[in-house]
Amino acid sequence: MSTATVADDRRNATPKKQQRSFGALWLLLPSMLPILVLSVYPLLRGIYLGFTNARAGLNVEYEFTGLANYREMFADSMFWSSFRIGFVWTISVTVIQFFLAMGLALLLNEKLRGRWLARILAVVPWAMPPVVVGIMWSLIYRPDAGLLNEVFYRLGMADLSRNWLGDFSTALPAVIVVGVWAGLPVTTVILLAGLQGVQKELHEAAAMDGAGRWRRFRNITIPHLSGVIAAITTLNFIWNFNSFDLVYVLTKGGPGGSTMLPMLFSYQEAFRYGNYGYSAALGNVMVLVVLVFVLFYLRRQLRET
């Protein structure tokens, strides 16, 4: 075949490839259109509002104010307090969830009687809406007729009973417990799936060489789960940092702002005080924080690919 013939074939193939590409884009359009309308446009709109003085009201005109919202934000002690509380909440829930989920996944991975029932029960909190979880735990924490104080009373430890969600010293730890309980099933299921992918022959060979349980777990299980651990930890950090509904139902950020997460602070500024521009600026900062962890997750995924 001559060089001219090969060149002609390549020129003829190029339009066909372009046609296939355009055809694929048309097929993707029905699924991409809702994402563009419901996700991308609101995100871009929120980024723009963060640089304006937009406020609540009908037909209220607003103007571009540059970095005024951000200068006000960085001088606001409530902003720094909400981010400090948000990081305490996020790190605590993520770390505790991981260790409890790892232990539970290891237990459910063993050949125990009734293991199927335990796996079903472990997923129950995952199936419950966050609002229902918040209402249920608010009843457990009630100071007058709550289950937790009742247990302390019946055990003769009435001194430990208190208003768990209304006390400055216990509100945040109490909310963290609920966050761990609500998110534990997701982490457990993912880690359990990773454990079932570890070859049993490796453990059997290591056991024959005299390696104990802890050594096999450290040198075989953990290295094989490193990708799963990095993925679920990063995603949990993002999900927990963006938490809103669970904490809103439990405390609404109280008492005295002791559980005021960044998302609650942004919500309060927008729908309680009508500072839409300032609230959007808060959201932009949160997007930047989350974006760091999203980029870390994507970088790891691309590296593994």
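This is a predicted model: local features need pLDDT of at least 70, side-chain atom pairs count only at pLDDT 80 or more; totals for chains, interfaces and linings use all residues.

Modeller: Residues are numbered from 1 along each chain as its sequence is written, and side-chain values use heavy atoms, without hydrogens and water.

Biologist: What makes a set of points a pocket?

Modeller: On a 1 Å grid over the protein atoms alone, it is an open set with protein on both sides within 12 Å along at least five of seven lines. The largest pocket holds about 640 Å³ of space, the volume being that filled by probe spheres set on the points.

Biologist: Which residues line the largest pocket nearest its centre?

Modeller: N109, E110, K200, H203 and R213, out of 18 lining residues. Lining means having an atom within 4 Å of a point. By class, 8 are charged, 5 polar and 5 nonpolar.

Biologist: How is the lining of the second largest pocket divided by class?

Modeller: Into 12 nonpolar, 6 polar and 1 charged. Asp, Glu, Lys and Arg count as charged. Helix 8 gives the most to this lining, with 4 residues. A helix here is a DSSP run (H or I, at least four residues).

Biologist: Which residues of helix 6 are called buried?

Modeller: V133, G134, W137 and I140. Buried means under 20% relative accessible area with a 1.4 Å probe, protein chains only.

Biologist: Why are they placed on the same side of helix 6?

Modeller: Because they cover an arc of only 120° around the axis, taken from the directions from the helix axis to the C-beta atoms.

Technical notes
On a 1 Å grid over the protein atoms alone, a cavity is a set of points where a 1.4 Å probe fits but cannot get out, and a pocket is an open set with protein on both sides within 12 Å along at least five of seven lines; lining residues have an atom within 4 Å of a point. Helices (H or I, at least four residues) and strands (E, at least two) are DSSP runs, numbered from the N terminus. Buried means under 20% relative accessible area, exposed over 50%, partly exposed in between (1.4 Å probe, protein chains only).
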